[in-house]
Structures are given as structure tokens and as C-alpha cells.
Amino acid sequence: MSKASRTVGEDIWKNKVDKINAELLTLTYGSIVAQLCKDFEGDYIKVNKQLEKMGYNIGQRLIEEFLAKSNAGRCTNFRDTAEMISKVGFKMFLNITPTVDNWTHDNKQFSLIFDENPLAEFVELPDDGRAHRELWYSNILAGVIRGALEMVQLQVETEFVNDLLQGAEYTELRVKLVKVLEDEIPAGEDY
């Protein structure tokens with residue numbers, strides 16, 4: 001699956017998606033984070049929650065484009081899902097391919113390791129003694145993954161555990177499968 005996913009991701013990036021200038025994306029996202037820091041008066045816990053919430057809403061919409069352009073069928077297991085996120089999803093939308101690593105023995109948790117993060121280019125965190133410990137600058141990505149996977153019936157928890165911007169050696173986003181959601185028929189409706 002790994003090589004096929006990489007090929008699909010490359011093909012979609014080259015031929016099927018509209019692209020924007022990476023610097024424009026970086027600067028626009030930076031402005032959003034800066035405004036949130038100002039609005040929440042330096043309460044980085046609230047900023048993190050708001051970024052995750054924004055990402056969740058974006059992920060719920062991006063999954064439709066992902067499914068339409070990738071022609072991806074159902075993944076057979078969580079490992080396939082991780083590969084699809086890394087090699088197709090991230091390639092398709094950000095032109096990066098984070099490494100999938102640090103699987104747990106039960107195959108229900110993994111990490112995405114980012115060698116590069118276009119959202120974090122040209123960024124310096126506030127020098128207030130707290131941002132380097134509390135602000136997860138790219139937390140919108142955690143929300144995007146959570147929102148997108150929920151739309152395909154996978155409830156997950158996502159959180160950054162390392163960030164280059166905080167002085168870590170690499171950026172790491174942890175993804176944990178909570179449960180597979182059942183298709184539910186809304187109350188009062190039949191098939």
C-alpha cells in the first residue's frame with residue numbers, strides 16, 4: 001500500500017489540485033494564530049482549542065475533496081488509514097509527506113513525524129516564557145485529521161507531542177483510534 005499511496009499522492013498533487021503560494025498560506029495562517037493570541041489575551045490553551053476546532057470544521061469539508069480526487073476506497077485497517085493520511089492527504093493539500101511511526105502494539109495509535117511543516121515557516125513564537133511550552137502552533141492540523149476521520153466513521157484523538165518551534169528535535173502529531181463509529185439512522189427516519 002505504501003508505494004501505491006505515494007504514487008497516488010504525487011499524481012493528485014501534480015494534476016488534480018489547485019495550488020496557492022506557500023508563503024501566502026504561511027503568512028495568512030500566521031496572521032490567524034497571532035489574532036487568536038491577541039483575542040484570547042495570551043491564553044494559549046484557549047488558542048490551541050480554537051485552532052483545533054477550526055481544523056475540525058475544515059477537515060469535515062476537506063474529506064469530500066480528498067475522496068473525490070483520490071478515488072480512495074475504504075481502508076482495510078488503521079495502518080492503511082495512516083498511510084493514506086500521510087502519503088495522499090498531506091501530499092494532496094500541503095505537498096508534504098510526514099513519516100508514519102511509533103505504532104503501539106495494538107495498532108491503535110501512531111505518530112506523524114514532520115520533517116517539514118509549511119505552516120511553521122518563518123515563525124517565531126512569542127517570547128513571553130509560556131508560548132514555548134503551551135502553544136501548539138500547528139494545532140489546526142490535529143483538528144483537520146480528527147474532523148476528516150470522523151466523517152469516514154473513525155473517532156480519533158489527535159494531539160501534538162513535539163514541535164520544532166518549541167525546541168524539540170522534530171514535530172510529532174499523535175493520532176489515537178478511539179472507536180469505529182457505526183452508521184446511525186437519524187431518529188424517525190428509515191432507509
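The model is predicted, so local features require a pLDDT of at least 70 and side-chain atom pairs count only at pLDDT 80 or more, whereas totals for chains, interfaces and linings use all residues. Residues are numbered from 1 along each chain as its sequence is written, and side-chain values use heavy atoms, with hydrogens and water left out.

**Overall organisation**

The protein chain has 6 helices and 4 strands, where helices (H or I, at least four residues) and strands (E, at least two) are DSSP runs numbered from the N terminus. Read along the sequence, these elements follow the pattern α-α-α-α-β-β-α-α-β-β. Of the 191 residues in the protein chain, 42% are buried; buried means under 20% relative accessible area, exposed means over 50%, and partly exposed lies in between, with a 1.4 Å probe and protein chains only. Among contacts between residues at least 6 apart in sequence, 61% join residues at least 24 apart, a contact being heavy atoms within 4.5 Å.

**Helix H6 and its two partners**

Helix H6 has 13 residues and reaches 19 Å from its first C-alpha to its last, close to the 18 Å expected at 1.5 Å a residue; the expected span is 1.5 Å times one less than the number of residues. The helix is mostly covered, with 10 of its 13 residues buried, among them Ile140, Leu141, Val144 and Ile145.

Two packed helices are described by the angle between their axes and the distance between the axes. Here the axes are lines fitted to C-alpha atoms, for helices over the stretch in contact, and angles run from 0 to 180 degrees between N-to-C directions.

Helix H3 (residues 44-70) packs on H6 at an angle of about 40°, with the axes 6 Å apart, and that makes H3 oblique to H6. On this scale, angles under 35 degrees count as roughly parallel, over 145 as roughly antiparallel, 65 to 115 as roughly perpendicular, and the rest as oblique. H3 passes H6 in a right-handed crossing; a crossing is right-handed if the near helix is turned clockwise from the far one by less than a right angle, and left-handed if anticlockwise. The contact of H3 with H6 includes Asn48, Leu51 and Glu52 of H3 and Asn139, Ile140 and Ala142 of H6. By class, the residues of this contact divide into 11 nonpolar, 7 polar and 3 charged, where Ala, Val, Leu, Ile, Met, Phe, Trp, Tyr, Cys and Pro count as nonpolar, Asp, Glu, Lys and Arg as charged, and the others, Gly among them, as polar.

Helix H4 (residues 78-94) and helix H6 (residues 139-151) pack at an angle of about 120°, with their axes 13 Å apart, and are therefore oblique to each other. The crossing of H4 and H6 is right-handed. Thr81, Ile85, Phe90 and Leu94 of H4 make the contact with Leu141, Ile145 and Leu149 of H6, and by class this contact has 6 nonpolar, 1 polar and no charged residues.

**Individual residues**

The following table lists the accessibility of selected residues.

| Residue | Relative accessible area | Class |
|---|---|---|
| Asparagine 139 | 8% | buried |
| Cysteine 37 | 13% | buried |
| Glutamine 153 | 18% | buried |
| Asparagine 107 | 31% | partly exposed |
| Lysine 179 | 44% | partly exposed |

Asparagine 139 lies in helix H6 and, leaving aside its neighbours within four places in sequence, is in contact with Tyr29, Asn48, Leu51, Glu52 and Phe160.

Cysteine 37 lies in helix H2 (residues 22-39) and touches Gly42, Tyr44, Val47 and Leu135, not counting residues up to four places away in sequence. The C-alpha atoms of cysteine 37 and proline 126, which are 89 residues apart along the chain, are separated by 9.4 Å.

Glutamine 153, found in the loop between H6 and strand S3 (154-162), has a positive phi of about 70° although it is not a glycine. Asparagine 107, in the loop between strand S1 (99-101) and strand S2 (109-114), has a positive phi near 60° and is likewise a residue other than glycine.

Lysine 179 is placed in strand S4 (residues 171-180), and, leaving aside its neighbours within four places in sequence, is in contact with Gln153, Leu154 and Gln155. Lysine 179 and leucine 154 are 25 residues apart in sequence and 6.2 Å apart in space, C-alpha to C-alpha.
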